[in-house]
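The structure comes before the discussion.

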Amino acid sequence: MTNGDVNQLIELAQYRIETKTRASAILALGGVALVLIFAVLPVFAGRGLIQDLIFVFYMLALAQCWNLLAGYAGLDSVGQQAFVGLGGYLLFALTIGAGIDPIAAVVLSGLIAAVFAVPTAFVVFRLRGPYFAIGSWVVAEVYRLVFAQFKQLGGGTGTSLPPSATNEIFGIEWVKAMFEVRSPAARDIITYWIALALAAGAPLLVYLVLRSRYGLALSAIRDSEATAESAGVDSFRTKLGVYVLVAAATGMIGALIYLQKARISPDAAFSVLDWSAYVIFIVVIGGVGTIEGPIIGVIVFYALQRYLADFGTWYLILLGALAISIMLFARKGIWGYVAQRYRVALFPVRRMLVRPHA
Amino acid sequence: MLEWLGTIIQGVLLGGLYALFAAGLSLIFGIMRLVNLAHGDLIVLAAFAILSLATWLGFDPFLATLLAMPAMFAAGFALQHVLLNRALGRDLLPPLLVTFGLSIIIQNGLLEAFTADSRRLRLGAIETASIELGGNLAIGVMPLLTLGSAIAVVLLLNLLFYRTALGRAFRATSDDLEIAQLMGIDHHRIYSIAMGIAMVVATIAALYLGIRANFDPTIGPARLIYAFEAVIIGGLGSLWGTLAGGVIIGLAQTVGAKLNPEWQILAGHIAFLVVVVLRPRGLFPRAED
């Protein structure tokens, strides 16, 4: 080894692999602060804002879940409404049928949805790429048609959650006393907190998954399944793991959505437009394959809906046109564009090579 | 026994309609692997085009269909040329999202233009005419014509595919895009022509859709699912396979409906899932994925 080689090695050894950025450290603190602010918001905010935020939170959580599935694991599903509807119907069955507390029922619905996801995966994982997308949609349709057969749950027309099922929800007396509100408003506040927990938990979950060995395996599969397998990644088990995990989270979100709506029908609960198309829009407008993207996407989506939804069909036409334009002109979405332009990453999941300061 | 024979005949005839929904989709999916989520809505769009020509200009629906064909060809060509060619690539997500957006735009545009009212194409006596087979069995003339048209469409598309220079270019781009480009094929132009042809087939499908039952701007996605099921069952790039796929879905639906009217759609989906679990690449795939 010559002197030059040694010098080069010394120089190389000074490089470190990092995943943190300065922005991400600030964000970690800011994120905690933001969640705390949102948590105490019901003290000041009116019921209308709380209900709007519940909507924003569950759409964000759904978007993060879909993003993990499609953006990172390469499973481009058009059928996640299967688990939203499943979660919603399980919540109704558990609270009306078994008299379980709604909060416990939300968690249980997610776990049971995960159990359903295993046999579902064995069907849809037979298919790849576009076939998988269509197959997952067909499976969601099968769930919809099957749930329309249950007369106890209202059949094809659906059913309502009686107030008696949620009037004694865990913590309601405390909230009523604390905020000096009546039962319906107190119910909203509790629902709001669950929604906040899911919305804050979903990006954290995605972040932790991606930072782990498991996340590295996922990205490898997405980029080239054959190469990943030759490097020792068990592609089927990795994808199955992420699919079941996402199904559990999506099931919980679905249960929460229908706890809030208090009325369910097969057509609404298994709607491809509400729980797939809009969710995909949010992810893609913000930036697919990034954790920041869905957050930006949901803000854009909410703003559009808030100010333009009165225009009905024209609003939807605009939404479709916006999605098409983003896909054609800024394929990486708003966040993708910003991140590339200004080289920032708030949730850094990429392993970076850092040269020490000389 | 005879009752069941009737059910099976109905199923096969219904399969003809589904094959017509699927044939255009099969063509573009086979050639460019495009998952066109707006295909169902484009069929509904064609149905409204036929309806408009028939009511405003007073044409017979068959003549209106003939007039709508070149317009739909041009619309398909332009759509592919301006929009879809830019979305195609190795990644599945862009075409998925663009066609999802397109689907929403078409549905709501039609709602704006034609309201949510149910419409129907009227043909007069031929709508209810049937051919007696004896023993209480009769076949409707229109369903028979639908299946006949489906077979004719598949035959003509196959002739185009295997007997013409254009068809050779179709097959070449489908089999190996890079080599086809090296041989001087302008694949974007080929794709645009293919989409134009797919829209002509969609117009034929729209005619029979509009005569068979009521339609309104929102029914596209359900037709899309049946069409995709037929395409996937048939196998990538096989038009006869698509016809078989349509017949399988049609048969499953009528048999399911015979057992319990509420099971009609469900039975079709289950049949699809069973086939793909057993044969993930479909029954008669021509091309590699």
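## Helices H1 and H5 of chain B

In this predicted model, helix H1 (residues 2–32) and helix H5 (residues 141–163) of chain B have axes that come within 7 Å and cross at roughly 30°. Because the angle is under 35 degrees, H1(B) is roughly parallel to H5(B). The crossing of H1(B) and H5(B) is left-handed.

On the H1(B) side, the contact involves Val12(B), Leu13(B), Gly16(B), Leu17(B), Ala19(B), Leu20(B), Ala23(B) and Leu27(B). They meet Pro143(B), Leu144(B), Thr146(B), Leu147(B), Ser149(B), Ala150(B), Val153(B), Val154(B) and Leu157(B) in H5(B). By class, the residues of this contact of H1(B) with H5(B) are 14 nonpolar, 3 polar and no charged.

## Helices H5 and H10 of chain B

H5(B) also packs against helix H10 (residues 239–259) of chain B, where the axes come within 9 Å and cross at roughly 165°. An angle over 145 degrees counts as roughly antiparallel, and H5(B) and H10(B) are therefore roughly antiparallel to each other. Their crossing is right-handed.

Ala150(B), Ile151(B), Val154(B), Leu157(B) and Asn158(B) in H5(B) meet Leu239(B), Trp240(B) and Leu243(B) in H10(B). The contact of H5(B) with H10(B) comprises 7 nonpolar residues, 1 polar residue and no charged residues. Ala150(B), Val154(B) and Leu157(B) are among the H5(B) residues listed for the contact with H1(B), and they are among those that meet H10(B).

## Helices H2 and H8 of chain B

Helix H2 (residues 39–56) and helix H8 (residues 187–212) of chain B pack at an angle of about 70°, with their axes 8 Å apart. Angles of 65 to 115 degrees count as roughly perpendicular, so H2(B) and H8(B) are roughly perpendicular to each other. The crossing of H2(B) and H8(B) is right-handed.

From H2(B), the contact takes Leu42(B), Ile43(B), Ala46(B), Ala47(B), Ile50(B) and Leu51(B). Their partners in H8(B) are Met199(B), Ala202(B), Thr203(B), Ala205(B), Ala206(B), Leu207(B), Leu209(B) and Gly210(B). The residues of the contact of H2(B) with H8(B) divide into 12 nonpolar, 2 polar and no charged.

## Overall form of the chains

Chain B has 11 helices and 2 strands, arranged along the sequence as α-α-α-α-β-β-α-α-α-α-α-α-α. Its radius of gyration is 19 Å, which agrees with the value near 19 Å for a compact globule of 289 residues. The C-alpha atoms of chain B fill a box of roughly 60 × 50 × 35 Å along the principal axes.

Chain A has 17 helices and 4 strands. Its radius of gyration is 22 Å, close to the 21 Å that the globule rule gives for 358 residues, so chain A is as compact as a globular protein of that length. Along the principal axes, the C-alpha atoms of chain A fill a box of roughly 80 × 50 × 40 Å.

## Contact between the chains

The contact takes 36 residues from chain B and 34 residues from chain A. On the chain B side, the elements giving two or more residues are helix H3 (61–87), helix H4 (93–114), helix H9 (220–234) and helix H11 (264–278). H4(B) gives the most, with 14 residues. The side of chain B that touches chain A has 26 nonpolar, 4 polar and 6 charged residues.

## Confidence

The model scores ipTM 0.91 and pTM 0.89. Chain B has a mean pLDDT of 91, and 99% of its residues reach 70 or more.

How values were computed: Residues numbered from 1 in each chain as written. Chains lettered and ligands numbered in written order. Predicted model: local features only at pLDDT ≥ 70, side-chain atom pairs only at ≥ 80, totals over all residues. Contact = placed C-beta atoms within 7 Å. Nonpolar A, V, L, I, M, F, W, Y, C, P; charged D, E, K, R; others polar. pLDDT = per-residue confidence, 0-100. Axes fitted to C-alpha atoms, helices over the stretch in contact; angles between N-to-C directions. Left-handed = near helix turned anticlockwise from the far one by under 90°. Rg over C-alpha atoms; globule rule 2.2 N^0.38 Å.
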